[in-house]
Amino acid sequence: MLPDLHEIRTADNVGIGYDAAGIGSRFLAFAIDSVIQGVVILAALVVALAIAPEGVAGSVAIALFVLVPLLVAVGYYTVAEALTAGRTPGKRALGLRVIRLDGGAPGLTEALVRNIVRLLDMPGFGLVAMFLDRRSRRLGDLAAGTVVVRERRASAAVAPVLPPPMLRTPDAGPAIEGVDRLGPAEWSALRTFLSRQGLHPEQRARLAEVIAARLCERLELDTTAPERQWPAELLLERLYLQLEPRMAPAPAQPGPGMPV
Amino acid sequence: MTPEQFAARRRDSWAELERRIAQSRRGALRSVPAADLQRFGVLYRHAASDLAIARRDFPGEPVADYLNGLCARAHPLLYRGRPFRPSSLPAFYATGLPRAVRAAGPYVAASLALSLVGVIAGWLAVRLRPDIAATLIPDSLFDRMARGEANSGVGSAPFAATFIIQNNIRVALLCFAGGALAGSLTVFSLLANGWMLGTLAAAVHRDGFDRPFWALIVPHGVIELSVIVLAGATGLMLGDAILRPGLLRRGDALVAVAPRAVELAVGVASLLVIAGLLEGFVSPSDLPIGVKYAVGATTAVLLYSWLLLSGRSPRRPAPVPQLGG
């Protein structure tokens with residue numbers, strides 16, 4: 001497991017990996033939320049001053065004046081996180097989300113715990129905890145059992161897949177000896193390489209030679225084998241085409257799809 | 001099957017899930033009709049099982065990564081903590097909070113003991129070393145005494161009241177939060193709070209101002225000191241979970257006890273509004289001392305009969321109603 005990865009198990013025991021948010025992005029989100037809080041407090045104070053001079057209204061105004069900052073400091077985050085499934089405006093802007101350790105969205109209780117303990121985190125304890133915890137959790141997260149994660153944005157409505165391999169010579173060429181020694185891992189590497197776009201031709205050729213040299217070892221080719229004389233890129237394409245029938249059987253096969 | 005074939009076959013289902021995630025804009029599903037919600041669940045579970053297939057068959061392919069992100073975005077929308085229902089508040093204050101206080105009995109006792117240690121230590125320090133008494137009493141207290149035959153120096157009564165309310169709420173919440181540092185800050189707060197009261201009481205006693213002093217403290221002090229002790233108890237609950245986690249890991253023990261503790265902390269902190277109003281309006285007022293003591297005695301009777309008697313059941317105790325439920 002990567003140091004900053006948080007993995008949860010769903011009810012049907014599928015692991016979902018989340019990237020824990022780092023100190024930088026969380027600080028930026030905090031800054032945005034602080035600005036919003038500042039505006040809220042300022043607005044409350046302006047209202048308070050506007051109604052201040054008169055009798056009872058004045059008392060109310062004074063009460064607002066003193067109580068609002070503390071209530072906003074704890075209440076803003078608590079309400080925002082409980083209502084929006086863990087995304088305050090600042091976190092949303094940065095693509096962050098608070099989740100419970102089991103992956104669920106925080107409820108009122110979790111939001112209260114992590115944001116009351118915030119009073120303790122603000123003077124610096126939080127920063128120390130974030131440096132020590134591998135998922136950058138502050139004390140409030142530790143007490144509430146939450147973690148702040150990065151949400152990758154939905155880039156498109158369709159799943160990204162590798163583009164189809166670019167093959168310059170669509171024929172598989174003569175059968176290569178020892179091709180049975182290659183498995184899914186090698187096939188996947190071939191696919192990835194051949195699908196890769198935007199490589200400079202020279203770079204591509206150099207990369208192909210490195211990969212070809214490795215594969216020749218796996219194939220246990222003689223030093224005198226004719227395949228050694230092929231250009232590296234041609235060898236890789238032919239290997240790919242010869243492996244394909246084994247690794248990716250006919251597309252017509254129904255497979256274990258689910259009715260949806 | 002290549003990842004391309006896999007994706008082509010399942011793409012429509014994933015796209016629909018994406019649309020539904022985007023639809024729940026506020027990140028909440030509450031406005032979604034039941035049938036749609038069920039559909040969301042079905043799509044999510046299919047995506048999760050596709051993720052499992054992709055992990056097995058195409059590890060490291062973009063499609064596995066994509067599915068992980070898709071499931072990660074859908075999961076918190078379906079699985080959530082209990083939402084807050086305002087309708088649960090009356091029951092919480094009527095019976096839930098007193099029960100929670102009684103359930104925390106040992107911690108309340110420990111918190112009270114720590115406060116008393118502070119009080120006694122402060123009292124003894126001033127009595128035994130009158131020569132350095134001035135340095136033993138925290139400065140802020142002298143200020144507060146200097147403010148007056150009351151808090152009038154702070155300005156108007158409303159201002160004093162709200163200022164005191166917010167200050168005490170902050171102290172109470174910090175008593176809770178301090179539990180996250182294994183209770184160390186909570187213990188310190190309780191001792192310091194007791195020390196403050198002890199040194200002050202001793203100094204006042206020495207100078208023979210007992211009656212006006214206690215008239216100033218008692219009307220609001222009953223609630224205020226009780227709340228600090230109870231808030232301290234919540235911090236001790238957290239600290240105890242860290243220091244003596246039992247069979248759990250320390251972090252897990254802390255997380256397990258935190259919901260109960262925070263409910264108690266927030267519940268008792270809200271009582272400080274009453275204490276603050278008394279402190280701002282009654283304690284510094286010109287009412288006869290007898291009335292002030294009567295106010296204190298009344299709050300004591302009301303507070304403790306509520307905390308000790310409310311929600312008791314002659315049969316086996318019902319489960320503690322929680323703020324979220």
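Before the first entry I set down the cut-offs for burial: a residue is buried if 20 or more other C-beta atoms lie within 10 Å of its own, exposed if 12 or fewer, and partly exposed in between. I also note that the model is predicted.

**Entry 1: loop residues and their surroundings**

I looked up B:Ala182, which lies in the loop between α8 (157–177) and α9 (184–207) of chain B. I counted 18 other C-beta atoms within 10 Å of B:Ala182, so this residue is partly exposed. Its phi is near 60°, a positive value in a residue other than glycine.

I then turned to A:Ser136, in the loop between α5 and α6 (139–144) of chain A. Phi of A:Ser136 is near 55°, again positive in a residue that is not glycine. Is A:Ser136 buried or exposed? It counts as buried, because it has 20 C-beta neighbours inside 10 Å.

With 8 other C-beta atoms within 10 Å, B:Pro33 is exposed.

**Entry 2: helix α5 of chain A**

I checked the span of helix α5 (residues 118–132) of chain A. A straight helix of 15 residues would span 21 Å, yet the end C-alpha atoms of this helix span only 17 Å. Where does α5(A) bend? I found a bend of about 80° at A:Gly124. I listed the buried residues of α5(A) as well: A:Arg118, A:Leu120, A:Asp121, A:Gly126, A:Ala129 and A:Met130.

**Entry 3: a helix crossing in chain B**

I looked at helix α5 (residues 105–128) and helix α10 (residues 210–243) of chain B, whose axes come within 8 Å and cross at roughly 115°. The crossing of α5(B) and α10(B) is right-handed. Which residues make the contact? From α5(B) they include B:Tyr107, B:Val108 and B:Leu114, and from α10(B) they include B:Val229, B:Gly232 and B:Met237. I recorded the division of the contact residues as 10 nonpolar, three polar and no charged.

To read such a list I recalled a general rule: an α-helix has 3.6 residues a turn, so residues three or four places apart point the same way.

How values were computed. Residues are numbered from 1 along each chain as its sequence is written. Chains are lettered from A and ligands numbered from 1 in the order in which they are written. This is a predicted model: local features need pLDDT of at least 70, side-chain atom pairs count only at pLDDT 80 or more; totals for chains, interfaces and linings use all residues. Helices (H or I, at least four residues) and strands (E, at least two) are DSSP runs, numbered from the N terminus. The expected span of a helix is 1.5 Å times one less than its number of residues. The bend at a residue is the angle between axes fitted to the seven residues ending there and the seven starting there. Axes are lines fitted to C-alpha atoms, for helices over the stretch in contact, and angles run from 0 to 180 degrees between N-to-C directions. A crossing is left-handed if the near helix is turned anticlockwise from the far one by less than a right angle, and right-handed if clockwise. Two residues are in contact if their C-beta atoms, placed from the backbone, lie within 7 Å. Ala, Val, Leu, Ile, Met, Phe, Trp, Tyr, Cys and Pro count as nonpolar, Asp, Glu, Lys and Arg as charged, and the others, Gly among them, as polar.
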